[in-house]
Amino acid sequence: MNILLSGCNGAMGQTIETVLSSLEGMDIVAGFDTKSANHQRFPVYQTLENVSENIDVIIDFSHFSAFDAITDFAFQHQIPIVVATTGLSLENEEKLIKMSSEIPVFRTANMSIGINVMLGLVAQAEKMLQGFDIEILERHHNKKQDAPSGTALMLADAINQATDLPYEFVYGREGKSAKRKEREIGIHAIRGGTIAGEHTVLYAGDDEIIEITHSATSKKVFAKGAVTAARYIHERSPGMYDMKKLLGLT
Ligand SMILES: NC(=O)C1=CN([C@@H]2O[C@H](COP(=O)(O)OP(=O)(O)OC[C@H]3O[C@@H](n4cnc5c(N)ncnc54)[C@H](OP(=O)(O)O)[C@@H]3O)[C@@H](O)[C@H]2O)C=CC1
Ligand SMILES: O=C(O)C1=N[C@H](C(=O)O)C[C@H](O)C1
């Protein structure tokens, strides 16, 4: 299977390259990034008009500014695409849904098994922990560009989908009149060092606290998930796919 890797010079791009180097039958045949880097095994394109390789699946771990270029390329050439980039707009997400009527699109803000199980757990907790205040804390490395993380937003959305009384999302909290309201979820982003990604949903009740936490201990968990996703959508019918579907959780 021939892969075009978007964001190939980045931290995740390099981790995917490492993971694929020990796998048979999946090869990165082209990269897409802002700079042509010294990749010995494949060419790195800065624009996609001149890609001459045969591509079976695109894997995208880049930046929202690359979104139109890579999705237009996928659509124009009818190539299945795995979109892992976070910080996308609502408009971007809608474009993926439209594209999925013609090509397979795999979309998730988190490729790990644990977070996708946690999406089900927070939906369940929403029904059981009536009256508890909910806060989401996410911790990531100091190179992360977007805040809050795509996963924190995905967890908050999963909670809202499980209730008839949606919460308002509050990003951080400061000021002299910043008291929390009843139906709000505070979302807090912590950045430092090399933290691969940690997400906690905290439920605070009267005299008791429950926390559900997922910790990624290395970026490999996301890379392996993306490679599994690429295999999964290769030669599948057009449609929207995600990790929950792949894992049989929906
Ligand atoms: N869904 C998931 O499970 C996961 C998602 N992610 C997401 O993946 C994305 C990438 O993460 P990470 O690898 O850590 O980030 P990096 O910043 O390390 O890598 C991103 C790469 O994309 C390149 N890039 C930026 N803008 C463009 C553009 N317009 N066209 C082409 N290439 C571009 C960057 O180049 P330059 O440095 O020159 O700007 C860089 O090489 C993030 O959005 C992150 O949140 C990360 C981990 C897991
Ligand atoms: O940028 C990262 O590193 C990560 N980004 C994703 C997100 O924004 O949720 C997933 C993971 O937590 C790592």
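The protein is divided into domain 1 (2-111 + 219-246) and domain 2 (113-215), with bounds that come from an automatic or database domain assignment. This is a predicted model, in which local features need pLDDT of at least 70 and side-chain atom pairs count only at pLDDT 80 or more, while totals for chains, interfaces and linings use all residues. Residues are numbered from 1 along each chain as its sequence is written, and chains are lettered from A and ligands numbered from 1 in the order in which they are written.

The C-alpha centres of domain 1 and domain 2 lie 28 Å apart. Between the two, 9 residues of domain 1 are in contact with 12 residues of domain 2, contact meaning that two C-beta atoms, placed from the backbone, lie within 7 Å. The side of domain 1 that touches domain 2 comprises 3 nonpolar, 4 polar and 2 charged residues; here Ala, Val, Leu, Ile, Met, Phe, Trp, Tyr, Cys and Pro count as nonpolar, Asp, Glu, Lys and Arg as charged, and the others, Gly among them, as polar.

**Ligand surroundings**

Ligand 1 is surrounded by 26 residues, of which Gly7, Gly10, Met12, His63 and Ala66 are the closest; a residue belongs to such a shell if its C-beta atom, placed from the backbone, lies within 6 Å of the molecule. Helix α1 (residues 11-21) gives the most to this shell, with 3 residues, where helices (H or I, at least four residues) and strands (E, at least two) are DSSP runs numbered from the N terminus. Around ligand 2 stand Thr86, Ala109, Asn110, His140, Lys144, Ser149, Gly150, Thr151 and Gly197, and this shell draws at least three residues from each of domain 1 and domain 2. The shells divide by class as follows.

| Shell | Nonpolar | Polar | Charged |
|---|---|---|---|
| Ligand 2 | 1 residue | 7 residues | 1 residue |

In α1, the residues Met12, Gly13, Thr15, Ile16 and Leu20 are buried; a residue is buried if 20 or more other C-beta atoms lie within 10 Å of its own, exposed if 12 or fewer, and partly exposed in between, with C-beta atoms placed from the backbone. Seen down the axis of α1, these buried residues fall within an arc of 165 degrees, so they line one face of the helix, the arc being that of the directions from the helix axis to the C-beta atoms. They pack against β1, β2, β4 and α6, whereas the face turned away from them carries the exposed residues Thr18 and Ser21.

Helix α2 (residues 67-76) has Phe67, Ile70, Thr71, Phe73 and Ala74 as its buried residues. Because they cover an arc of only 155 degrees around the axis, they sit on the same side of α2, and on the other side Asp68 and Gln76 are exposed. The cover over the buried residues of α2 includes β1 (2-6), β2 (27-32), β4 (57-60), β5 (81-83) and α3 (90-99).

**Nonpolar cores**

The largest nonpolar core has 40 residues, and Ile16, Ile58, Ile59, Val82, Ala226, Ala229 and Ala230 touch the most other members; such a core is a set of buried Ala, Val, Leu, Ile, Met, Phe, Trp, Tyr and Cys residues joined through C-beta atoms within 7 Å. Helix α6 (residues 220-233) supplies the largest share of this core, 8 residues. Apart from it lies another core, of 15 residues, among them Val122, Leu155, Ile159 and Ile185.

**Individual residues**

Glutamate 126, in helix α4 (residues 113-128), is buried because 21 other C-beta atoms lie within 10 Å. Beyond residues up to four places away in sequence, glutamate 126 touches Ile159, Ala162 and Thr163.

Most residues other than glycine have a negative phi, and most peptide bonds are trans. Glutamine 78, however, has a positive phi near 55 degrees; it lies in the loop between α2 and β5 and is exposed, with 11 other C-beta atoms within 10 Å. Aspartate 207, with a positive phi near 65 degrees, is found in the loop between β10 (198-205) and β11 (208-215), and counts as exposed because it has 5 C-beta neighbours inside 10 Å. The peptide bond from alanine 147 to proline 148 is cis, with omega near -5 degrees, and proline 148 is in the loop between β7 (133-140) and α5 (150-161).
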